[in-house]
Amino acid sequence: MKIAIVCYPTFGGSGVVATELGLELARRGHEIHFITYRQPVRLALLNSNIHYHEVNVPEYPLFHYQPYELALSSKLVDMVKLYNIELLHVHYAIPHAYAGYMAKQMLKSEGIKIPMVTTLHGTDITLVGNHPFYKPAVTFSINKSDIVTSVSQSLKDDTYNLFNIKKEIHVIPNFIELDKNLDDSSIPCHRSVMAKPEERIITHISNFRKVKRIPDVIHIFYKIQQKIPARLMMVGDGPEKIKAEQLCAKLGISDRVIFFGNSNEIDRILSYTDLFLLPSETESFGLAALEAMAWSVPVISSNSGGLPEVNFDGISGFLSDVGDTDAMAENAIKILSDDAALSSFKKNALEVAKQFDIKNILPLYEALYHQALSKI
Ligand code: GMT
């Protein structure tokens, strides 16, 4: 199949999922065309099955806001015609489903019919898309998609509750590639750079937005390190990062916390990690938690959104109410203070992650692509 994938090219989960999906589809022989404004961060390799087409938005002083949707839909039209692309798969409703629908209409006027699959990722529904200024356009473009998927049951429920959606929403959970290998000859980051041998390594990875509750991450760690020698790895960048550094200084733990910024060493950091913290206000899924679990790392998370669908309470880690940093720290200490408990949680985390193996999930997308093609 020739498939155009539209996504955000950044470190965010939706872009990562879209990129990993495209790469695996390409491995299975599909021809994949990534269409976005920058080469996606996880897209290192271009080959005969993987293409990348950049959307350019020329700056014009008249425009207070540059019209990205217009440029994207035009690019989609051009690429569909040039490469005979058969299907559009857009990740994140805003503005991708809207631009995709416009492209479909333009193509239709030239006699070309192409189906569009829209994958909802979370904030496009729960935080941004729900805003009254966007809601009519988001509702319209979801209803006009040929197939709609969401990354968790919780997000599906939220979508039906928040929008007037007439379409069936198919839940396809996010996935993980389990058989990744680290090539030790290229190591820029050793365990000793992060912690002393007797210290546990605790990690948080996110885009440091408010929804991640970064101060909770630090308070949980503060309580843990009072009982157990530990270090905190803070990976990622975003608006809450400076405040987080200030809070560490205020609590006197700056020497035990490393801020990595956006890192390409996530797999290596996770391979040394003992515990992952994700106390978010909400997560449609929590891909970062799954990535940790795939490295046999147990997860302490909040119990909101789709997190209970990924992190199983008392098995792969523990879940607590949003903001309950005492319970989260207590559970973390329960796992970390006992070698036997830690090793059993690590084993379980990997076992749960295996349920989300890309090899099981990808055929679900392929089946929906066939369904979408048969509809037009
Ligand atoms: O977590 C973020 O804020 C980034 C956001 C995104 O759009 O990239 O992540 C969302 O999509 C991910 C991939 O499907 C999910 O794993 C995240 O849980 C979801 N984030 C939220 O719902 C807050």
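Trainee: Which residue is the bridge partner of S301 in β13?
Mentor: L319 is the partner of S301. Keep in mind that this is a predicted model, where local features need pLDDT of at least 70, side-chain atom pairs count only at pLDDT 80 or more, and totals for chains, interfaces and linings use all residues. Residues are numbered from 1 along each chain as its sequence is written.

Trainee: Thanks! How many bridges do β12 and β13 pair over?
Mentor: Four, in the parallel sense, with β12 covering residues 299–302. Strands (E, at least two residues) and helices (H or I, at least four) are DSSP runs numbered from the N terminus, and pairing takes at least two DSSP bridges.

Trainee: And what does α12 touch?
Mentor: Helix α12 (325–336) packs on the sheet against β8, β11, β12 and β13, a contact being C-beta atoms, placed from the backbone, within 7 Å. Its direction makes about 170° with that of β13; axes are lines fitted to C-alpha atoms, for helices over the stretch in contact, and angles run from 0 to 180 degrees between N-to-C directions.

Trainee: What's the strand order in the open sheet?
Mentor: β10-β9-β8-β11-β12-β13, six strands with parallel pairing. β10 (257–261) and β13 (317–320) each have a single partner strand, so one side of each lacks a neighbour in the sheet. The twist averages 20° from one strand to the next.

Notes:
Contact = placed C-beta atoms within 7 Å.
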